[in-house]
Amino acid sequence: MTQPPVTRTRVGIVGGGPAGLMLSHLLARQGIDNVVLESRDPETIAHTHRAGILEQPSVEMLTDMGVDGRVRTVGDEHRGIILRFDGESHALDFPELVGATVTLYAQNEVFVDLAAARRRDGGDVRFETEVLEVLDVDSDTPGVRFRSVAAGEEGPVEELRCDILVGADGSRSTVRKALQRDTEGEDHFHAYPFAWFGILAEAPKSSPELIYARSEHGFGLISQRSETVQRMYFQCDPSTRVEDWSDDRIWDRLQRIVAGPDGFTLKTGPIIDKTVLGFRSYVRTPLSHRNVFLAGDAGHTVPPTGAKGLNLAFADVRVLAEALESWAATGSRDLLDAYSETALTRVWKDQNFSYWMTTMLHARPDASEFEDMRVRGELRNVVQSRYGRQFLAEQYTGWPSA
């Protein structure tokens with residue numbers, strides 16, 4: 001049997017989304033050779049609309065590390081959020097509370113910036129490349145077998161061998177599945193009894209800041225995309241079918257969620273996209289095995305309520321990049337061996353915040369009247385105390401990486 005041709009590199013990265021490309025970019029700045037394999041084509045990723053709220057440290061990673069300043073000019077900086085319940089709005093001013101802001105910048109735009117930076121710098125990023133098998137996770141030179149699937153045609157099988165293999169290939173990670181099959185570890189799940197029905201609408205902004213609303217009709221998030229296109233969500237059953245919801249029915253539900261004695265209403269328009277997003281919390285422990293590491297959604301997922309997904313992936317990448325830089329420069333594995341514990345400290349903090357925001361703002365189908373009144377008391381505790389508002393603001397805008 002003919003052996004496939006072998007490419008060798010120091011760091012092999014499976015996954016060319018924002019996490020994988022950011023890691024590749026940071027390593028290249030330190031002269032660390034790396035190869036990225038991504039199954040999708042760049043046009044598909046660039047046009048897959050995904051919301052994104054970037055913490056200040058994430059914005060700084062994009063700008064201070066030489067990616068692109070577009071997030072500063074195209075991104076929409078937000079100074080806070082609005083919590084709305086019992087038909088009343090309560091504004092949280094992040095700069096006044098914690099001296100920080102967040103920036104609304106879609107994840108596909110982050111990908112566009114990072115992909116352009118890797119092209120500019122001559123990075124070895126192989127799109128439309130299918131990983132067939134993860135090899136030798138217990139060895140000093142793990143690797144993968146892969147083939148090109150460009151233009152729908154399967155190329156010959158090849159092999160990538162590396163000193164370090166990183167799985168940054170999302171929630172269906174091939175690398176994680178190999179670790180689950182071949183190594184010891186634990187998978188921690190939490191299921192939520194609801195999902196989000198999301199829309200993109202051609203309409204002007206209804207609010208200068210994001211509105212997180214809780215009502216007897218469930219949860220709603222009023223977000224923005226641009227001056228003329230807005231993104232909104234409302235709580236739904238996980239089995240909800242998009243085709244069962246007309247535009248009029250969607251707008252009626254959203255208006256009921258935000259309605260109140262102040263007469264606030266949403267500005268409406270044609271709905272150009274509809275989707276149902278499932279919810280779950282997941283963490284793989286540990287996030288590494290010998291020379292194989294997981295980053296981003298490959299190692300953990302959070303519900304979108306706390307806006308932590310991409311920020312948590314970037315936090316992983318920052319820790320892992322620093323560990324790899326130390327290893328490449330000195331040969332020491334100290335930071336590499338500490339990666340999982342270091343990253344998981346932040347992961348569990350973000351899991352807690354995401355769980356807290358989700359359970360506080362959503363109405364459980366089986367919730368008693370006591371539970372409903374208790375949650376309304378919890379919301380009042382947050383908004384009527386400076387320390388409560390400050391706690392939420394600090395969590396929402398993020399923490400420095402360990």
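## Around helix H1

Just after helix H1, Gly 31 takes a positive phi of about 75°; helices here are DSSP runs of H or I with at least four residues, strands are E runs of at least two, and both are numbered from the N terminus. The model is a predicted one, in which local features need pLDDT of at least 70 and side-chain atom pairs count only at pLDDT 80 or more, while totals for chains, interfaces and linings use all residues. Residues are numbered from 1 along each chain as its sequence is written, and side-chain values use heavy atoms, with hydrogens and water left out.

H1 itself covers residues 18–29, and its twelve residues reach 16 Å from first C-alpha to last, close to the expected 16 Å (the expected span is 1.5 Å times one less than the number of residues). Ten of those twelve residues are buried, so the helix is largely enclosed by the rest of the structure. Buried means under 20% relative accessible area, exposed means over 50%, and partly exposed lies in between, with a 1.4 Å probe and protein chains only. Among the buried residues of H1 are Pro 18, Gly 20, Met 22 and His 25.

Ala 117, found in helix H6 (residues 107–120), touches His 25 and Val 67, leaving aside residues up to four places away in sequence; contact means heavy atoms within 4.5 Å. Ala 117 and His 25 are 92 residues apart in sequence, yet their C-alpha atoms are 7.6 Å apart in space. With a relative accessible area of 1%, Ala 117 is buried.

Next come the rings. Those of Phe, Tyr and Trp (its six-membered ring) pair if their centres lie within 6.5 Å, and planes under 30 degrees apart count as stacked, over 60 as edge-to-face and the rest as tilted. By this rule the count comes to 19 aromatic pairs. In one of them, Trp 196 and Tyr 233 have ring centres 4.7 Å apart and planes at 40°, so the pair is tilted. This pair links distant parts of the chain, with Trp 196 in strand E13 (residues 195–202) and Tyr 233 in strand E16 (residues 229–236), 37 residues apart. Both Trp 196 and Tyr 233 are buried.

Phe 197 and Trp 245 form a tilted pair too, at 5.7 Å centre to centre with 50° between the planes. Here Phe 197 lies in E13 and Trp 245 in the loop between E16 and helix H8 (247–258), 48 residues apart. Phe 197 is buried at a relative accessible area of 0%, and Trp 245 counts as buried at 8%.

## Charges over rings

A charge sits over a ring if NZ of Lys or CZ of Arg is within 6 Å of the ring centre and within 35 degrees of the ring normal. The charged end of Arg 10 likewise sits over the ring of Trp 327, 4.4 Å from its centre.

## The chain as a whole

Stepping back, the chain has twelve helices and 21 strands. Its radius of gyration is 22 Å, close to the 21 Å that the globule rule gives for 402 residues, so the chain is as compact as a globular protein of that length. That radius is taken over C-alpha atoms, and the rule is 2.2 Å times the number of residues to the power 0.38. Along its principal axes the C-alpha trace spans about 75 × 45 × 40 Å.

Buried residues make up 51% of the 402 residues. Of the contacts with a separation of 6 or more, 72% are between residues 24 or more positions apart.
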